Structures are given as C-alpha cells and as structure tokens.
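Hello,

Here is the structure you asked about, with the sequence. My notes on it follow below.

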Amino acid sequence: MPEIVQNEPVRVRGDALQPLGVRVENVDLSYGANHVLKDVTLDVAPGEFFAFLGPSGCGKTTLLRLIAGFNQADRGRVLVGGEDVSRLPPWKRDVGMVFQSYALWPHMTVWRNVAFGLEERRLPRAQIKQRVAEALELVGLSHLADRRPSQLSGGQQQRVAVARTVAIRPKVLLLDEPLSNLDAKLRVQVRRELRDLQQRLGITTIFVTHDQEEANTICDRIAVMNEGKIQQVGTPLELYQRPANLFVASFLGAANILSGEVVGAGSDRAFRLGEVFLPIPPGATIPPGAKLVFRPQDVQITGKGSGAFSGTIVHREFLGAMTRYGVRVGGTEILIDAPFHAGDRLHEVGQEVAAMVAPEAMLWLAS
Amino acid sequence: MALALLRREGVVAVGAGQAAAAAAIALFLLLFLITPVATVIYVAFTEKGSGAFTFVNFYDFARTDLFVRSFWNSVYVSAMAVVLASVFALPLATITTRFEFRGALLIQTLGFVPLIMPPFVGAVAMQLLFGRNGTVNLLLDDWFGLKIPFMEGLNGVVFVQAIHYFPFILVNLSASLRNIDRSMEEAAQNLGCSGFRLFRRVVFPLALPGYLAGASLVFVKVFDDLATPLLLNVKDMLAPQAYLRVTSIGIADPMGYVIATVLIAVSILAMWASAAAMRGKDYSTAQRGGGGLSQRRMRRWESALAYFVVFLILGLVLAPHLGLLLLSFATIWSYSPLPDGFTLAHYTRVFGESFVYIKNTVLYASLAGLIDVVLGTAIAYFVLRTKLVGREWLDWAASAALAVPGVVLGIGYLRTFYGVQLPGGQPLATLWIMIVIALAIRRLPYALRACYAALQQISVSLEEAAENLGATKARTVRRVVVPLMTGGILAGFISSFSTAAVELSATLMLVQSSSDAPLAYGLYIFMQSPAGRGPGAALGVIAVMLVAACAFLTHLVVERSQGAQGLSS
Ligand SMILES: Nc1ncnc2c1ncn2[C@@H]1O[C@H](COP(=O)(O)OP(=O)(O)OP(=O)(O)O)[C@@H](O)[C@H]1O
Ligand SMILES: [Mg+2]
C-alpha cells in the first residue's frame, strides 16, 4: 500500500545501513573578532571512527557543531555523503550528536528521551516502541527505561544520550567529549563500549577529545587541531611516528625537542647543543630552523662509543615498567626512558652516563 | 587544659548567644504572626457567647447565599486573573529571553512597573481609560458604534488584577527560561524537532516550575486583595466581605473570622497545590560542558510581530500609570477621551495637606524593611550555618506569613490586641507601631528569600578562614558574612520597603486616625469620592515615584557593592 510507504520517511534505513562520508571544505568561522576556524578542510571516510584532538579552546566543539548545523561558517561548506548540507537547519540534517553535557531532558523518562527523535519523525507507534527497545538494549539499559535522568549515574546518563541519538539511525554520529564527565575508570570501560557499538552499527563517527590516549585507543584516524587549524590527519601510529610539526610531536606523547645548530658538512655534520655535539645520520634532510625531535624511549644509556654523548643524571622517576631519567646534556635536559627488567640496577642521580639516540628515530621538525 | 576549657566555654557562649537571638525571633513571630492567626481560626470555630467548639459558623457560611457567591466569585476572578496575566507574561518572557531582542532589559524592567503601584489606584485610572465611558470605549463608540465591557463587574477586577500582578509570572517564568541550557534545545533540534513543537515539548515543560510558582502567587494575591474590588464597587467577593463584616458588624461577630479562615485555607491550598505539582521538578539544566543560553535571531517578519506584541502588552500594562498621570494633572475628566484641561492644583493640594501620609509611609516602610532584613539575615544564618534546634521552625513560621492574607492579619491584630491596654488606657491595637509590625510580618518572606540567596552565595570556607585566624562566630558574622551579604540584604530591604509602601489590606484594618495613616490609606480615602480623584492621582504618582526612586537607588547600591566584590561580570 502506497500510504505505508509514504509513512516511512526516506531517511530511515534498515539495519544494513550504508555508511556515509563527511567532508568539510575550506571552512572559516569567527565569533566576532575571534577567528576560531581557519581554512579547515577534512575528509572522514564512510564507516570510519574519526577523532578531533586538540587542546582546550582550539575549536573542536565549534567544528563539530558546524557539522551538526548549530554553527554557521563564514566561508566553505559541509558535505555529508557527497551532499551539501551547509544550508540545512540542524533538524533536517540527520546528523546525530551526543552532547558533552548529555542534554537529557529532565522532564522525560529515559524511555521518552529515547523515543523523542522517533516521535519527531512521526514513525508509527509500534515501530517507535520496537526501536526504543532496541536502542536501550544496545546500551544495556532496558531495565531503567522508566527512570528519570536525575536517577541515573553519570555512565548510565551517557549511555542514554548515546541510545537517544542512535535510535534515529543518523547518517553520522558526533560525540563531543562524551567521556569527560565520567571518572577515570569508567572512562576506559565506556570508550571500549563506544568502539564496540560503532563497529556493530558501522556508522561514521566523529569523536571530540583533548585526551590523546582516548583518541589513540579507539579511533581509526585522528585530526590534530591547534588554534583553529588542522595540524595533521592520520592514524595514531602515523601521527606518533611521523608528526608533521613540532605541535603534533609534543601533543602526542612525550618528546625531546632540542634546539641547536647544525655544524660541519657532508657526512661529518653534527648538531651542537652547547658543548655537546650529536652526530647527524647521513642523508638526513634538515629544514632550516628545524629542531631535533626524538622520543624518550628511543634514547639508550650505553657505554661510550661512536655517536654517544655524555651527560649527568639530574632526576629519576621509577614508573614500574620503565624508569624515566632526566639527563643534563650541554645546556638542556633530555628525557630518557629505560625499560626495567627484574634484577636491573638503576642509575643514580648525579651519575655521569653516556647515551645514544637511534638514528632512525631522529626527526627534524620546523614549527 | 585551660585552653581546652576556654574553648569549650567559648562554644557554650556562642550557643547561648545564638539561642537567645533565635528565642527572641521566635517570640516575635509567635506574638505577631502565630497568635493573631490562631486567634482568628479559634474564633471561627467557637460559638459566640458560650465559647464552645463548633462548626455552626461554617454551616452558616455555607448556607448564606452571599458568602457562597462571594467565594465562587473570588475563585473565578483569581483563576481568570492568572489566565489573563499568563497571556501578558508568556509572550514577554519568551521574546525577551529566548530571542535576541533589542530592549529586552528595558521590557523586563518596565514589566516590573505595575507592581509599584497599589492595584486599587490602577483601578481608578483603568476606569477612566477602559470603563463604560472611558477613553477606549468612547473612541470605539465613535468609530464603530460598539462598547466593550472591560471594566464591568468581575471583568474589571480580573483586568486590573491581571495587569497588576502579571510581573510575578513574568519574573519567575523568565528566570526559568533563562536557566535552560542551550544543549537542551539543541539536542531536540538534532533529533528533528523545531519551532513551536520544540517550545511545547522541551522549553515550556522545563520552564513549568517557574511558571507555576508565579501563577500560584498571582492566584493567592488576587484572592486576598481587598481594596481593588471595593474600589470597583464589587462587594460580593470574599476578602471585601471579611472586611465589611468586621467593620460594619464589629469584631465580635464570628462570620468575619469564618471568612478569614476560608481565605487562609484557600491560600494554603493554592500554595500546596503548586508545590505538589513542582515536586521533583527542579530542572536546573545549566550544566558542565553546556553552552549557556541560546538566543535565536529573529527573521524580519518575526521581529516585526514580536515588537507589535510587546508594544501592545506594554501599552496595556502601563495604561494605569499613564491614566493616573493624566488624572493627576486633569481639571475635569469625565465622558471625554482626554481631560478637559490641565492643572497643578492637585499636587499643591496634596503637598499641602497630605504630606503626613508620605512621611508616615517612609517611616513605616523603612522600619518594616529594617525589621525584615534583621530577622531575615538571622533566620537565614541559623538555617544555613548552624545546627540550632528548631531552626527550621523559624524558617517555616517566617515563610508561612506568605499564606496569611492581609485582611486576616488585620482582623487578628484587632481581636488579639484590642483588649491589651496600654498604661494610658489606649488599646495596643491602635498604636501606629502595630501597622509597622503588620507590614514587617507580611513582607518577611520576601526579605527572607533574598537573605537566603545572598548567604548561599558565600562559601563557608570564607567564614572558616576568619575563624581560623581567630575571629569568634559573632565577629565572623559581623566582619565577613554581613558585609558580603550587603547586596542581598539591600535587595531584601528594597523588596520589603517598596511593597510595604503600597500595601493596604492589613493597614486598612489597623489605621485609627488619618494622622497615623500611610499613603496607601490616604489614596484609598481620596479615591472613594469623585472629587478626591485628582488629588488621589497626584498622591499616587508621588507614591510610584517614591518607590521607583528607592528601587533604582538600591539597584545602584547593589551593583556597586557587587562590583566591588567582583561578583558581577
Ligand atoms: N558562542 C561563542 N561566542 C564567542 N566565542 C566562542 C563561542 N563558542 C566558542 N567560542 C570561542 O571559540 C574558541 C573555540 O571554542 P571551542 O568550544 O570550539 O573549543 P574546544 O576545542 O571545543 O575546547 P574544549 O576542549 O575546551 O571544549 C574558544 O576560543 C572559545 O572561547
Ligand atoms: Mg569543546
């Protein structure tokens, strides 16, 4: 019967939904004189779990809200599944967003909260019932359907917020720091659940966070942002191993960043840090003004040898699996992580040691 | 050891000081609130003459047509006033809080203006503007040959009361609307909801507690008001009946007390109903990670419509003031859209012979305000900062004054204190100080709320720091708590002062001679005779200016003290 077909809005897809990509093109956005997003271009592949990572105030939420339709760009456009949605109001975009505060309506029960979007889509009653039950089942909260949000724990509220959003089977799922209101332990558990859920639904998901560990553990790819600009996009491994600039290198994990001066030429080049000279591996290309970057675990405390430099241990943190030493070399302090195995002896503060940086771990980055 | 003993003694001394203060407050409330009200209820339930317990007075009440009709009229008028006040308040609150609207602050301020004039004064002006032969109807008659009975009978009372009391709804509703975090709405939009549906399904339910708080207050206020119906010559309502009964038949007649008891019962019932409806609905949605308030920009036609609605409503609610102003300068204003001519004579007359009213009002209202903030600060401190036994009772008793209609308090004072003779043989009830105390009791709940709010904002650690540095409890209160509360205390004072300055229901009962009478009483006397309306209006204008000036002054002081403390942004 044709009526029934019409009752079923086009955007409601079956379980085997085809994930859609998101594209942000040359977006600029200002709040008055505050230029918050600067020429942002970004591609999120269909079905991908994607993260916006960056320090507080860098514009992550702004970018996410732009995709959801709550912010208007001064320039540029947003495409979902290849279709330009820049002119659509939020309620026509079908882009599900989970708010940082969860934004559960206190005057409705859990059930009514989850049913809300379906009711707005004028689905038949029976179907609403079934889909709400499904969504609650999905997040494991079926037994709390009659509670009010104020009677739930933080983790449960978070799951209701997710259920409410996925119940409408949105084209894209946006999560704004969904874990930031949870305690540390719950955070680890819930982020796994989120990842699982995303895998099961196969839905394109964008996740905002300022916690690199969160992004690293659950996301396929990450866009690192700073001051309204995308610094680099890549998998967690790529970003860690091949940071595009000093900001990315320092934001993801600990890094030694040394400024010095390149002396010598050809295969005799060295990097001068005060009185200490670090040999530069042959063939390294060093952009002008670049700094030397390497990770603490890529330095080894060795006996004296070629390529080694010496310094004095100025502090020591025993962390269990490894020991982190601060070693004064020339005028600067270098962090060195040494793995700890049973029976190892630790070096003492004040001790003079020789250390060596693995040549392949040396990065030369300009800011 | 000695130190420990000293400390212990210190604690005991503190406890004794607090207990003494609390006991004094309790005595005050017992004497001037609980006893008079209890007396009224007691008399209502006793047989005249024998003093035996009886229901017969209530039976008589239910059998008397006039009283039953009065009761239903009062219910009808109060309910309709709530409806009409909502019609005024809802658009104003929504437009000024949920949209980017220029002049929102001005509108919120102007919205307050009706409150600073006694409603019965407005009633006179409204007669002239909207009455059968008022400006509007004369013009309507000229142009379309029709008249609208705005001011006929109960309609008039509803109309005047709605205009006077709608700010209660406006203020409460605006506050709750402003407290709705934008993420609440955005989540709904994100799920496909927009426009009016969004308002109906998310915004209004979240604002409902504020609306109910305002609406129940309006209901109770209208139910208890006495002077407005009397001035509009509507006698078959409950509060006027209580007054007429006591003043015409005398304070020995039980029927006045029965009516008073019914008034109390309805007040309590209305407040209880709104509290019950609000239980568990404390929707403060401003939250961590939330985005604050969302104010939508209006499209051009929406904006035009909004301005039209706002101006229409503001025009209506400010009409009484405009009418009053015209009347105060008018030579003769009758059967014509505007006064025949203008004169300053009324003002000269008022300043000449009625200055005593103004002086009395300033004196009474300041004293009442002072009593209120002292009691309010003390009670708030006891409840929030001490473990004093029975502190909730103080709070409860002070707030209970909200449910006691002015007429009832007036009747209670007459009955309770008329027998108490002063050394000179004068009954205690006739002393002007009783008016002050009645006003203070009536306004105490408002001042108390303001003091609570102020004290809640002060972190306990500030006090602990003072004590840690060696200040005793009493000195901490004086040197840290009270200075930090100044803004709130002043706000409490002004709300007590300005409402006490225009209060009439309790005073009407207690004023014995016109040399003791406050402004509102003088106004009432003036307004009763057509010849007195000009001077009455002039006096009304002076009253409005007085209250407005005080309100503005306090606002300035509060701003400044908050600014000095870095509380305002
Ligand atoms: N409504 C607004 N009006 C004006 N400025 C704003 C507004 N919202 C955000 N900003 C500014 O835009 C910048 C980016 O804000 P945004 O909320 O996107 O940061 P964020 O990366 O999400 O930070 P966080 O990790 O703290 O949530 C900030 O400098 C902020 O002050
Ligand atoms: Mg953010």
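The domain bounds used here come from an automatic or database domain assignment. On that basis chain A is divided into domain 1, residues 11-243, and domain 2, residues 256-365. The centres of domain 1 of chain A and domain 2 of chain A, taken over C-alpha atoms, are separated by 42 Å. Please keep in mind that this is a predicted model.

The domain contact

Five residues of domain 1 of chain A are in contact with five residues of domain 2 of chain A. Together the two domains of chain A bury about 400 Å² between them, and 47% of that is on carbon and sulfur atoms. On the side of domain 1 of chain A, the most area is lost by Tyr240(A), Arg242(A) and Pro243(A), which together make up 94% of what that side buries. By class, the residues of domain 1 of chain A that touch domain 2 of chain A are three nonpolar, one polar and one charged. Between the two domains of chain A there are zero salt bridges and two residue pairs in polar contact.

The ligand site

The residues around ligand 1 include Val36(A), Gly57(A), Cys58(A), Gly59(A), Glu177(A) and His210(A). Tyr31(A), Lys60(A) and Thr62(A) are also among them. A polar side-chain atom of Thr62(A) lies 2.4 Å from an oxygen atom of ligand 1, and one of Lys60(A) lies 2.8 Å from an oxygen atom of ligand 1. For Tyr31(A), a polar side-chain atom is 3.5 Å from a nitrogen atom of ligand 1. On its own ligand 1 has 630 Å² of accessible area, of which the protein covers 61%.

Regards

Technical notes: Residues are numbered from 1 along each chain as its sequence is written. Chains are lettered from A and ligands numbered from 1 in the order in which they are written. This is a predicted model: local features need pLDDT of at least 70, side-chain atom pairs count only at pLDDT 80 or more; totals for chains, interfaces and linings use all residues. Side-chain values use heavy atoms; hydrogens and water are left out. Contact means heavy atoms within 4.5 Å. Buried area is the accessible area (1.4 Å probe) that two parts lose on being put together, summed over both. A salt bridge is a side-chain nitrogen of Lys or Arg within 4 Å of a carboxyl oxygen of Asp or Glu. A polar contact is a pair of N or O atoms within 3.5 Å; within protein, one must be able to donate a hydrogen and the other to accept it, and residues adjacent in sequence count only if both atoms are side-chain atoms. Ala, Val, Leu, Ile, Met, Phe, Trp, Tyr, Cys and Pro count as nonpolar, Asp, Glu, Lys and Arg as charged, and the others, Gly among them, as polar. A residue is near a molecule or strand if one of its heavy atoms lies within 4 Å of it. Accessible areas come from the Shrake-Rupley method with a 1.4 Å probe; for residues, only the protein chains shown count as cover.
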